[in-house]
Amino acid sequence: MFTSATARVHTLVGAVVVCLFLLATPTPTTAKLASRLTPDDLPAHLRSQYDVLSPTAATNALAKLATLPQLNDNHVRIDNKGDLYVVDDPPPQRKASRRSVTRDVLRMRRMFSGTPPTGYTPTGVPIHHSLPGASNVIYLDVDGMTITGNTVWNERYFQPLFTARPFDTDGDESSFSDSEKIAISRMWNRVAEDYAPFNVDVTTEPPSPFTHTT
């Protein structure tokens, strides 16, 4: 009887030691996780971008990719420094009909009742602000711009000047039609609603000046 009890005590002590060992085992760091990820694990669209990186950028890319829940997202890209960014596909364009414009107009009247644009930019963009004066600003740039400098777009496409085209649904990029203005206001409304709980001004008006919180 004494021997059986002793065996049970030894078993219990052993179990406690195992539990303490597991609790004391450190959680794998990002570096360790990255060391388990190899270039052969990357899907084709990421591997082709990885293969042209410098050794330093390649190490950085593996560390960043190791933190993703999955690697088969075709929207993920790697820049030349090994950092990650996301590219969204543009929505399919459809020709606006008189009926669809009328339906959008009625829907906009309900959605923006009492909150019309405060004006229009020189390019015809309806001006909206969700929280004027906020230190953090999200600018919805829909009239296009020429991007210069050391950005992902310039480096990735090897263009010192990268032209981002304006929002357009009717084939005329020189101006915004009534239906396009309605669509811009609807886009602003959806984004503004998402950021309503935060100290952020979602706007379609170009900030002046741009800061590190814009």
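**View 1. Threonine 204 and the residues around it.** Threonine 204 touches Thr121, Val125, Pro126, Ile127, His128, Tyr139, Leu140, Ile184 and Trp188, leaving aside residues up to four places away in sequence; contact here means heavy atoms within 4.5 Å. This is a predicted model, where local features need pLDDT of at least 70 and side-chain atom pairs count only at pLDDT 80 or more, while totals for chains, interfaces and linings use all residues. Residues are numbered from 1 along each chain as its sequence is written, and side-chain values use heavy atoms, with hydrogens and water left out. Look for threonine 204 in the segment after E6. Is threonine 204 buried or exposed? With a relative accessible area of 3%, threonine 204 is buried (buried is under 20% relative accessible area, exposed is over 50%, and partly exposed is in between, using a 1.4 Å probe and protein chains only). Its side chain reaches two backbone atoms: the oxygen of proline 126 at 2.5 Å, and the nitrogen of histidine 128 at 3.0 Å.

**View 2. Strand E3 beside strand E6.** E3 covers residues 136-139, and E6 covers residues 200-203. As for the labels, helices (H or I, at least four residues) and strands (E, at least two) are DSSP runs, numbered from the N terminus. The two strands run parallel and are joined by four bridges; strands pair if DSSP finds at least two bridges between them. Which residue of E6 stands opposite isoleucine 138? That's valine 202.

**View 3. Two nonpolar cores.** A nonpolar core is a set of buried Ala, Val, Leu, Ile, Met, Phe, Trp, Tyr and Cys residues joined through side-chain atoms within 4.5 Å. The largest one here has 13 residues, and those with the most contacts inside it are Leu37, Leu42, Leu46, Tyr50, Leu53, Leu65 and Ile78. Helix H3 (44-50), helix H4 (55-65) and strand E1 (76-78) are the elements that give two or more residues to this core. H4 brings the largest share, five residues. A second, separate core has five residues, among them Leu140, Ala192, Val200 and Val202. In soluble globular proteins, nonpolar side chains tend to be buried together. Zoom in on leucine 42, and you'll find it touching Leu37, Arg47, Tyr50, Leu62, Leu65 and Leu71, again not counting residues up to four places away in sequence.

**View 4. Salt bridges.** How many salt bridges are there? The count comes to four, where a salt bridge is a side-chain nitrogen of Lys or Arg within 4 Å of a carboxyl oxygen of Asp or Glu. Side chains of opposite charge can pair when their charged atoms come close. Arginine 47 pairs with aspartate 40, with the closest N and O atoms 3.1 Å apart, and also with aspartate 51, at 2.7 Å from N to O. Arginine 47 counts as partly exposed because its relative accessibility is 27%; aspartate 40 is exposed at 65%, and aspartate 51 is partly exposed at 48%. Elsewhere in the list, glutamate 173 and arginine 165 meet at 2.5 Å, N to O. Glutamate 173 is partly exposed at 35%, whereas arginine 165 is exposed at 65%. Shared partners join Asp40, Arg47 and Asp51 into one salt-bridge network.

Technical notes. Polar contact = N/O pair within 3.5 Å; in protein donor to acceptor, adjacent residues only side chain to side chain.
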